[in-house]
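This report goes through one predicted model. Please have the sequence and the coordinates open while reading.

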Amino acid sequence: MDSYETMVLIRVLEQELQRLCDIGEGADLHFNRGQEAIAVGVCAVLRPTDYVVAHHRTIAHAVAKGVPLEALVGEVLGLPSGLSKGRAGEMHLSHPASRFMFSFQLVGTCVPVAAGLAWAVKNYKKTDDIVVVFHGDAATANGQWHEGVNLAAVQRVPLLLICENNGLAGNVRPEHYLPTKRVLDRMKGYGYTGGLVDGNQVDKVRQYAAAAAEIVRDQQRPFMVECRTTRLSKHKQGQGDMRKPAELAELALKDPLLLEERRLGLSQEMVGIIRVRAEKRVQAAVNAARGAVHD
């Protein structure tokens with residue numbers, strides 16, 4: 001139930017942020033609608049001391065790793081109450097106290113930084129904590145991804161790569177950036193592989209991520225989990241979605257919230273109660289973030 005409630009919280013938060021974008025209070029945000037199960041499922045099995053690095057579509061990861069809601073909202077709205085006093089924005093989030101270390105604007109750049117962090121954890125901190133880096137499937141077409149994975153493989157660092165494979169680079173389809181059948185196939189060139197999981201089912205993500213995290217922790221080496229998922233939102237503000245309504249309607253049947261409601265056997269009454277609870281938390285965070293400007 002905790003995972004479901006966290007997914008609902010993320011969904012409600014992003015819906016409120018979308019509303020604020022529509023009235024001019026939000027900026028160029030990237031939302032996770034349809035992909036929440038990945039961030040929630042993975043972060044649910046991490047230790048509080050494990051580190052997370054993420055890409056630009058990162059609100060879900062920040063919430064799932066425990067970044068304070070008020071400060072997160074303040075940052076993405078550009079307010080002084082934000083994590084970096086509103087100066088960094090959504091694509092450069094950081095909250096070291098939660099071990100949510102960085103998010104990155106440029107596609108693929110999160111991977112070499114995460115590899116460096118994993119090297120430091122192993123060789124400088126000398127703990128058995130791991131570093132998890134979230135990235136998209138299209139990031140594997142960028143040189144930075146390959147540089148990072150090469151370093152991680154050569155140095156044998158505790159890096160868990162989580163690929164959120166939604167089959168899109170903005171509005172571009174995989175045939176234009178992915179020559180292999182699976183993202184996992186790219187890992188073979190570096191002497192490592194991983195596993196494939198349905199990224200829309202939070203229980204499956206959680207189970208597989210738990211096993212993968214232990215491989216990385218025990219063997220001190222990289223490992224990838226390719227999570228097949230469906231982005232139900234547009235790529236970002238100001239960019240339309242080229243997919244047809246019929247395609248989006250079909251994809252919506254794989255909504256991770258809907259799948260988890262069915263798995264848990266939740267009544268519509270309970271779904272409503274959980275949503276109202278999330279709405280109250282989000283509104284309190286928004287009000288607090290705004291109010292802090294005047295303190």
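Helix α4, residues 69-76, is mostly covered, with seven of its eight residues buried. The buried residues are L69, A71, L72, V73, G74, E75 and V76. Their cover includes α1 (2-22), α3 (59-64) and α11 (268-291).

Just after α4 comes G78, which takes a positive phi of about 70 degrees.

## E279 in helix α11

Helix α11, part of the cover over α4, contains E279. This residue has a relative accessibility of 35%; because buried means under 20% and exposed over 50%, E279 counts as partly exposed.

E279 and R11 are 268 residues apart along the chain, yet their C-alpha atoms are separated by 9.8 Å.

## The sheet

Six strands make up an open sheet with parallel pairing, in the order β2-β1-β3-β4-β6-β5. The edges are β2 (100-103) and β5 (194-198); each has a single partner strand, so one side of each is left without a neighbour in the sheet. From one strand to the next, the twist averages 20 degrees. Strands of a sheet pair through backbone hydrogen bonds, in either a parallel or an antiparallel sense.

Within this sheet, β1 (residues 51-54) pairs with β3 (residues 131-136) in the parallel sense over three bridges. V52 has V132 as its bridge partner in β3.

## Helices packed on the sheet

Helix α5, residues 110-125, packs on the sheet and touches β1, β2, β3 and β4 (159-165). The direction of α5 makes about 175 degrees with that of β3.

Helix α8, residues 202-219, also packs on the sheet, where it touches β4, β5 and β6 (223-228). The direction of α8 makes about 165 degrees with that of β5.

In soluble globular proteins, nonpolar side chains tend to be buried together. Here the largest nonpolar core has 58 residues, and those with the most contacts inside it are L13, L17, L72, V132, F134, L160 and I162. Helix α1 supplies the largest share of this core, ten residues.

Leaving aside residues up to four places away in sequence, L17 touches L29, F31, I59, V76 and L77. Another core, of 29 residues, lies apart from the largest one and includes V111, V133, A152 and C163.

Key:
Residues numbered from 1 in each chain as written. Predicted model: local features only at pLDDT ≥ 70, side-chain atom pairs only at ≥ 80, totals over all residues. Heavy atoms only, no water. Buried < 20%, exposed > 50% of the residue type's maximum accessible area, 1.4 Å probe, protein only. Helix = DSSP H or I, 4+ residues; strand = E, 2+ residues; numbered from the N terminus. Contact = heavy atoms within 4.5 Å. Pairing = 2+ DSSP bridges. Axes fitted to C-alpha atoms, helices over the stretch in contact; angles between N-to-C directions. Core = buried A, V, L, I, M, F, W, Y, C linked by side-chain atoms within 4.5 Å.
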